[in-house]
Each structure stands twice: as structure tokens, then as C-alpha cells.
Amino acid sequence: EINFLIIGAQKSGTTFLYNILNLSDNIFMPQEKELPFFLNKNIDQKNYEKFIDEYFYNAKIEQAIGTSTPQYMIYPECFKSIKQTLPNIKLIAILRDPIKRLISHYDMAFRFGKENRSLNSALEDQLNNIEFYRNTSFDDPTGKYIVAGEYGRIFLQLLENFDKNQIHILLFQDLI
């Protein structure tokens, strides 16, 4: 069973933390960093067992098992599924200044050719359609610049599902 999840925020050091934890002999992290299993609509015990068998088969019994999927904070509706499947899970939320996170997110999308609007145009569109962007589907690479940094809204859903003692908040600047 998975012991901990690094849930994000995106562009806040989740890959850096994954790489650090992956160096430890006491921790097993799957080779593939982002495994958004809990964004799947068909979560049940059988699918969870297949997920574990596929990605965590090399874990040793004495190792803590974790993974890093920053998309979970972008789609906080998944917190309910995580809680139902893993009620005792520990979560690591890395937070970064929302404006710096937004700019890094935009720059990445632009570099990879997924964004062709100017930053101002993208932000104007998102501010004018904020509810739409809060509800866009999984894997939208350019629609979450603003809403991915709405930590208050995201944490309301997180705390509806998990006790505070299950959540470790790490600040990007402290991680670096």
C-alpha cells in the first residue's frame, strides 16, 4: 500500500523532492514520476491492485512507498477517491508563490508549444472564464495557470477529506 503522495502544487519542486526521496534505500518511488491514478473515473479495489502490481512490484516490504503527482492539487475533486482508497495516507503539498508558479507554468507550456497566446491574453481569458477553468478536464496543459494557484480553494477540499495531521505543507523556498 502507498504510504505517501506528493500532491503538488505543479511547478513547485515536486520533481526535485521526488528525486531526493528516490535516493533513499528506505523509500521506494516508482520509475515513472507522475502517476495520476486517482484522476481515473474507474477507481475500484481491482484497478488499485493492478496499479500497485504494475508500478510498485519492486518495492521491498521494509520500504515506505510513495509517488509524486502534482496534478492532484490541480484537480482537488480527486481527494475524495484518494481518501476512500487510502484513508491513512500522508500527503505532501509543496506550495510556491502563486505568481511565480503561474509564470513557470506558462513558460513551460509555451516552451513545449502547447501555448501560443501571450501571457496577458491567456490570463485575461482565464480571469473572464474562471469557473470554466476550475472545471476543465484532466490534462488541460494551458487552462490552469490561475486556478492551480488558488491554494485556499484547493485546501478547503483537501481538509474536507483529510485530517491536518495527514498533510505536510512544504514551501518551495524552504525546499530549495
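Phe-38 and Tyr-72 are both buried, and I would like to start from this pair, bearing in mind throughout that what we are looking at is a predicted model. The search over the whole structure returns 11 aromatic pairs, and in this one the ring centres of Phe-38 and Tyr-72 are 6.0 Å apart with the planes at 65°, so the pair is classed as edge-to-face. Phe-38 sits in the loop between β2 (27–28) and α2 (45–55), while Tyr-72 belongs to helix α3 (residues 71–74), so the pair ties together parts that are 34 residues apart in sequence. Both residues also belong to a cluster linked by ring pairs, whose other members are Phe-28, Phe-37, Tyr-48, Phe-51, Tyr-55 and Phe-56.

For another geometry, please look at Tyr-106 and Phe-110, whose ring centres lie 5.9 Å apart with planes at 25°, so that this pair is stacked. The two residues are four apart in helix α5, a separation of about one helical turn. Tyr-106 counts as buried, at 8% relative accessibility, whereas Phe-110, with a relative accessible area of 45%, is partly exposed.

Rings also meet charges here: Arg-96 lies over the face of Phe-172, 4.3 Å from the ring centre, and the charged end of Arg-111 sits over the ring of Phe-112, at 5.7 Å from its centre.

In soluble globular proteins, nonpolar side chains tend to be buried together. The largest core in this model has 33 residues, of which Ile-2, Tyr-72, Met-73 and Phe-79 touch the most other members. Two or more residues come from each of β1 (4–8), α2, α3, α4 (79–85), β4 (90–95) and α8 (151–161), and α8, with four residues, gives the most. If we set aside neighbours within four places in sequence, the contacts of Phe-79 include Ile-7, Tyr-72 and Met-73, together with Ile-154, Gln-157 and Leu-158. A second, separate core has 11 residues, among them Phe-4, Ile-6, Ile-27 and Leu-170.

Finally, which residues of helix α6 (residues 119–128) are buried? They are Ala-122, Leu-123 and Gln-126, and, seen down the axis of α6, they fall within an arc of 95°, so they line one face of the helix. These buried residues pack against α5 (98–111) and α7 (130–134), while the face of α6 turned away from the buried side carries Asn-120, Glu-124 and Asn-128, which are exposed.

Methods
Residues numbered from 1 in each chain as written. Predicted model: local features only at pLDDT ≥ 70, side-chain atom pairs only at ≥ 80, totals over all residues. Heavy atoms only, no water. Buried < 20%, exposed > 50% of the residue type's maximum accessible area, 1.4 Å probe, protein only. Arc of directions from axis to C-beta. Contact = heavy atoms within 4.5 Å. Phe/Tyr/Trp six-rings, centres within 6.5 Å; stacked < 30°, edge-to-face > 60°. Lys NZ or Arg CZ within 6 Å of the ring centre and 35° of its normal. Core = buried A, V, L, I, M, F, W, Y, C linked by side-chain atoms within 4.5 Å.
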